Amino acid sequence: MSLSVLLLKRGDEMAVTLSMLCVDTEQKYSLKLVAGKAGTDNIVRWVHNFEDTGSQPFLHGNELIVTTGIGHSDTAWLNGFISALKNGGAAGVVLLIGTYIPAVPDSVLAYCERVAFPLFTTTDEAGMLDMTYELCRRITGMEKRDSAVNDALRAVVTEPSSLRSPSRFLVREGFSDESRYSAVAACLISGTGEAVGAESVEENAGVRIAVKNMRSRSAVFTNKGILAAVCQNCTAEDMKSLCERIREAETGCRIYIGVSESIQGLAGISRAYEQAEAAMISSVLSDTGCSLYRNIGIMKLILGVRDRSILRAYVSENLGKLLAFDSEHDTDLARILRIYLENNSSVNEVAAIEKVHRNTVNSKIRTVKELLGHELDDISKSRLLIAFLINDVLNVCDEKLNTLNKA
């Protein structure tokens with residue numbers, strides 16, 4: 001099976017995968033893929049030499065393992081060895097066919113094919129060390145390139161005024177100004193309600209593979225603890241797949257995701273990320289897990305206000321007296337008012353929700369009107385509901401996400 005034919009087209013994608021790493025190695029080192037072709041999208045972080053099943057505890061995950069079989073008198077050990085590598089998270093294995101491994105057992109080939117674990121062979125004993133060195137150099141070079149692309153995209157997202165310099169580099173790396181860009185933003189909220197850094201999701205192999213499988217150049221990185229993905233010319237199905245991969249990442253936290261619209265040009269990348277972050281915050285507020293920017297309604301207006309002092313002033317003007325009274329007297333007037341407004345000003349609905357007598361609700365609503373200094377007409381109700389929404393946004397941004405910005 002020819003790697004040069006199978007894998008040559010993969011060199012322009014992000015993330016270091018087996019298919020990218022092993023381009024041209026068939027001719028140079030007689031490296032052949034003999035089983036597990038379906039796993040060639042596995043990400044590779046390094047190349048190691050292991051010779052026995054006891055090496056599994058030393059795997060960190062995503063290593064390409066090279067073995068000569070030295071010290072073994074037959075090939076019966078390979079079954080346990082290969083399965084241990086697979087279970088340990090290795091990306092694939094290279095076997096030296098020769099003195100110690102005359103041929104790959106059919107049972108091993110069948111296993112690797114069944115579990116999509118790439119198995120390569122080589123007969124170039126003299127070139128084994130050189131091959132290992134070169135593959136490690138390739139990994140280092142590709143990771144440096146990816147890191148440079150991520151840094152350039154991060155600069156475009158965080159400092160759009162400096163677009164000119166990073167955009168030149170991005171164009172050289174295949175990010176066209178004629179392309180359309182979508183963004184994803186994701187944050188992790190712990191069981192105690194605190195935001196934690198999304199680095200674990202960024203490092204997740206499934207997420208990286210999903211980004212790599214986009215139709216064109218895309219990248220994933222963290223921005224102040226928030227996971228950011230910038231995707232070029234991707235389809236709705238691509239975005240759905242990426243979001244599913246992010247949600248599947250095992251973090252021990254609740255993951256909230258926001259997805260932007262598709263915007264043309266490099267200058268639109270920062271706007272796409274702003275939309276994604278706004279949708280992410282909306283996702284936190286609604287506890288939906290994933291929100292599309294186009295569906296967040298009035299939150300577009302609220303989250304489009306960059307100067308949060310304006311938002312705080314609006315909350316203070318409309319709810320300040322009520323919130324201050326609750327804080328000073330340990331009352332729940334603001335909460336009762338919100339339930340009242342969200343249930344079409346029905347005293348009976350509030351009483352049923354709170355499991356109290358309607359007279360109790362009426363008494364609290366009268367106190368609310370006295371504190372606010374006006375009746376609850378349609379205009380004031382709209383203002384108050386907007387003020388509650390803004391206060392929710394400020395609580396998420398200041399109490400949760402602000403902890404990431406300080407980190």
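**Salt bridges in close-up**

**View 1. E342 pairs with R338 in a salt bridge.** The closest N and O atoms are 2.9 Å apart. A salt bridge here is a side-chain nitrogen of Lys or Arg within 4 Å of a carboxyl oxygen of Asp or Glu. This is a predicted model: local features need pLDDT of at least 70, side-chain atom pairs count only at pLDDT 80 or more, and totals for chains, interfaces and linings use all residues. Residues are numbered from 1 along each chain as its sequence is written, and side-chain values use heavy atoms, leaving out hydrogens and water. Both partners sit in helix α14 (residues 333-342), 4 residues apart, so about one helical turn separates them. Helices (H or I, at least four residues) and strands (E, at least two) are DSSP runs, numbered from the N terminus. E342 is partly exposed at 47% relative accessible area; R338 is buried at 19%. Buried means under 20%, exposed over 50%, partly exposed in between (1.4 Å probe, protein chains only).

**View 2. D332, R335, E354 and K364 form one network.** Salt bridges with shared partners join them.

**View 3. R145 meets E173.** Their side chains form a salt bridge at 2.6 Å, N to O. R145 belongs to helix α6 (residues 128-158), and E173 to the loop between α7 (164-172) and β6 (180-189), 28 residues apart. R145 is partly exposed at 33%, whereas E173 is buried at 14%.

**View 4. E274 meets R306.** The salt bridge spans 2.8 Å, N to O. E274 lies in helix α11 (residues 269-286) and R306 in the loop between α12 (299-303) and α13 (308-329), so the pair ties together parts 32 residues apart in sequence. R306 is exposed at 68%.
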